[in-house]
Amino acid sequence: MRLSVFLAIILALTTPAYAASSVVTDHASSRLIAETDGVEPGGVLSLAFAQELEDGWHVYWKNPGDSGLPLEFKWRLPEGAEAGAIDYPAPHRIPIGPLVNFGHEGAPVFLTSLTAPADAPVGSRFDIALEATWLICADICVPETGSFSLSVPVVEKASPDPAQASLFAKARAAAPSPLEGKAHYAVQGSTLTLDIPAVDVDEAYFFPDMAGVSEPAADQRIRKKCDRLSLTIVGAAALSSIAGPLSGVVQLGEGDNAQWRSLTAEPAGVAPGDGQKPGGSIIALLIAAFIGGAILNLMPCVFPILFVKAASMAKAASGDAPLLRRHGALYGVGVVASFAALGGLLLVLRAGGEEIGWGFHLQSPAVVALSAYVLFAVGLNLAGAFHVGASVQNLGSGLVAGRNGDFSAFMTGVLAVIVAAPCVGPLLTAPVGAAAVLPPFEGFSIFIAMALGLAAPYVLISFAPGAARLLPKPGPWMDRFRQALAFPVFAAAGFFVWVLAAQTGGKGLALAIAGLIAVALAARLWEWGRTTKGFKVAALIALVAALIPVALLKPAEAAAPRAGAIAFDAADIEARRQAGERLFIDFTAAWCVTCQVNKLTVLSSPAVKAAFEEAGVGYVTADWTNRDPAIERALASFGANGVPLYVYYPAGGEAIALDQPLTERRILAALNGAPG
Amino acid sequence: MLKLSLLAAAMFAAGPAFAGPAIDAAAPAFAGETSAGETISLAQFKGELVVLEWTNDGCPFVQKHYQTGNMQKTQRAANEAGVVWITVISSAPGKQGHADAARANELTVGYGAAPDHVLLDPEGVVGKAYGAKTTPQMALIDEKGVLRYAGAIDDRPTADHASIEGATNYLLAALGEVSAGKPVSVRETRPYGCSVKYGS
């Protein structure tokens, strides 16, 4: 006779009937034990289901892992009584060949509770019956069942049964205690990231309560940063169904010093590890978005347009201050409305499962071509090739087609947003990336903060009394300056044409040039139309003709990566990493100005090239000029939502996303193993 | 500025996982010897629907389906739909459920089972290619070689024989939908049962 069986029989003989009920099966002996000597009417009776398992055999946690089944209780209770959930002891990983199960060996104690009916008369008995089913496995599995019954007196005042006190105390001590501090999680594709307050351990493992959320046999990568610890977990089929809080148990450390903490993680759009509370980080993101938006005003894409706007304001400032304020406000509304539209569209498409990111509108050749047209037309107008609006004096309304100054102010705001997109610099990468994964309200707020930042300088100047006085005095120089500004705008148009060529190849370039000629023709015809009737109609026809090439644009096949570069392929990259190769991934797009600047200055510098060569780093180009869901997912896994992004993989090490702005020093530091 | 590097998470899988192939993608190719001594490969069944069933006759969950006749019934229904049914035995030699050709044939006859082939996979190659974790576990591959369903046979994760009645047979549901040219509504479920007894 096995010792455990013997013990069970001894226990059964020596314990009063109300306190415990025992069953011995082939591979386990199990007892149902009440903690107290009775139950009060309406009171809670704590129970332990204590098992002693045969050596080498295990039973399962609530999430059994790759195979197996959890404990199942079927109660037969007096009417009005209620059964509580099962509190499982801390789970252990039990490897079975290449699989891993979550379960318990030795002598697990499962705690649960029953609530007695409130009207149970004192002096009567609370009779309960339990049919418990458990799967017990060694190499092989056997389902076992046991029937248990207890008859507990209903009493005025229940007292703990001293004989069971240590069993209950031990079981409670062995159960996972709640994690101190907040836990967050994020899901990116099939990867789950859990973020908890830092603990001084080198190993950690998360057991989700729900089965099928994670791959039990996969290693969980631990990463410590400041006061946070994050775990990267390979997800399984049920991960995609997770919404709202995610509960589970995290094991901290291994072996004798291991500790288990139960937790409920809240979804966090901001990828974990940023060392801030969610409230703090959203505010930081909003501030970053606002500042980034304000800095956009100085970018080459936006500056000429706003300068002309400001110059026209200086002229008007001498007289009509209320009109100035009105146009300032309308410009702000234009900016905010455009960002709201773009942000809303982005979030709606996200919700629909589209894999898109910031700058996505520039992935459409038609949008790029139209941007080139608009900028070209603006340049022609600035240069004086044609005039729009009633008065040549009113530069503001001349900027964008339309006679109405109000409409013009609004459209200037819209235009500022459209042309700003290629210049969305490193400052905005993090907020925009976060916006796409945050809940809709927070995500939308970030777009609005960015819009307010972009609109703020101009709106403030138009509202601040006296601010306009700081602007240079109007004079004949303004016409010349305005004409001079045509050339940066032509340069911007040229940039869009170049992007288009990258997207659509030589044929697209030819179509775009044909379209631009039609735009120029329309401008000339329009100018003639100012004196001779009929030409304006011809101008509109020419403008419509300019749209025909736009409709014919088609994205070309993926362009060849730069000489010596490796084209982006997630599987290939993983294979190269497994083989111990060092890799540098350049996430870029033709329409991303920052990317192009980095490529020309930093990435092509002799020092960087030599360092790459010396260290044997493979240069991977992930070209996002046209839509590519694989690159989109890769960006998302770094919490980024747009380009540029630079990632370095040391040999056998973890990925390092380089801080921006990108500098030679940062790249060399990363290659030398210093923190990025 | 918020540091992007702080946001960096694993770009690709964090470590080796025992995970199955993606649903609605090409099913992993395999070839192997059957209990009839033939060599079969997935490629030869192109143009036909293929069901894979992992089994282990010593496993109480498998026994639930065979002793109640549920698995045989499912096999016959699949046969009528023109499906190639391949029962796979991935138990390693010396482990529960391992069978050589003779024993595999005895089991088939003894249960009155109706598989088209019993694939002997003692090295667990096919099992691992499909991420087979439990017995029973099912996979459905369409005419084009695309994996359309993977997971449990039904929605009753228990070894209790009485659970067969009223259970939803996921495999037959998926089979019906694929045969009708419809998308499969439940494409992936968590399989239940005994762990597959791999050698390593």
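Colleague: What makes you say that α6(A) is largely enclosed by the rest of the structure?

Modeller: Of the 19 residues of α6(A), 15 are buried, so the helix is largely enclosed by the rest of the structure. Buried stands for 20 or more other C-beta atoms within 10 Å of a residue's own, exposed for 12 or fewer, and partly exposed for anything in between, with C-beta atoms placed from the backbone. Bear in mind that this is a predicted model, where local features need pLDDT of at least 70 and side-chain atom pairs count only at pLDDT 80 or more, while totals for chains, interfaces and linings use all residues. Residues are numbered from 1 along each chain as its sequence is written, and chains are lettered from A and ligands numbered from 1 in the order in which they are written.

Colleague: How do you know what span the helix α6 of chain A should have?

Modeller: The expected span is 1.5 Å times one less than the number of residues. For the 19 residues of α6(A), 365–383, that gives 27 Å, and the end C-alpha atoms are 27 Å apart, which agrees. Just after α6(A), A:Gly384 takes a positive phi of about 90°.

Colleague: Why is A:Asn297 called buried?

Modeller: A:Asn297 has 20 other C-beta atoms within 10 Å, so it counts as buried. This residue sits in the loop between α3 (278–296) and α4 (303–317) of chain A. Leaving out residues up to four places away in sequence, A:Asn297 touches A:Val302, A:Phe303, A:Leu306, A:Leu454 and A:Pro457, where contact stands for C-beta atoms, placed from the backbone, within 7 Å. A:Tyr458 is 161 residues away along the chain, yet its C-alpha atom and that of A:Asn297 are separated by 9.0 Å.

Colleague: And why does B:Asp24 count as partly exposed?

Modeller: B:Asp24 has 13 C-beta neighbours inside 10 Å, so it counts as partly exposed. You'll find B:Asp24 in the loop between α1 (4–7) and β1 (31–33) of chain B. Its phi is positive, about 65°, although B:Asp24 is not a glycine.

Colleague: What bond joins B:Thr135 and B:Pro136?

Modeller: A cis peptide bond, with omega of about -5°. B:Pro136 lies in the loop between β6 (134–135) and β7 (137–141) of chain B.

Colleague: How do you know in which sense β21 and β22 of chain A pair?

Modeller: Pairing takes at least two bridges found by DSSP. β21 (582–588) and β22 (617–623) of chain A have seven, in the parallel sense; A:Thr588, for one, has A:Asp623 as its partner in β22(A). Helix α13 (570–578) of chain A packs on the sheet, touching β21, β22 and β23 (645–649) of chain A.

Colleague: What is the strand order in that sheet?

Modeller: The order in this open sheet of five strands is β20-β22-β21-β23-β24 (chain A), with mixed pairing. What makes β20 (566–567) and β24 (656–657) of chain A edge strands is that each pairs on one side only.

Colleague: What makes β9(A) mostly covered?

Modeller: Five of the seven residues of β9(A), 109–115, are buried. β9(A) runs antiparallel to β3 (44–53) of chain A, with seven bridges joining them; A:Phe49 has A:Phe110 as its bridge partner in β9(A). β6 (82–83) of chain A also pairs with β9(A), antiparallel and over two bridges, and there A:Glu82 stands opposite A:Thr115.

Colleague: How many residues are in the largest nonpolar core, and where does the core lie?

Modeller: It has 116 residues. Such a core is a set of buried Ala, Val, Leu, Ile, Met, Phe, Trp, Tyr and Cys residues joined through C-beta atoms within 7 Å. Among the members with the most contacts inside this core are A:Ala48, A:Leu194 and B:Ala139. Its largest share, eight residues, comes from strand β10 (125–137) of chain A. Domain 1 (3–175) and domain 2 (184–267) of chain A, with bounds from an automatic or database assignment, both give residues to this core, so it lies between them. Apart from it lies another core, of 100 residues, including A:Leu285 and A:Phe376.

Notes: Helix = DSSP H or I, 4+ residues; strand = E, 2+ residues; numbered from the N terminus. Contact = placed C-beta atoms within 7 Å. Axes fitted to C-alpha atoms, helices over the stretch in contact; angles between N-to-C directions.
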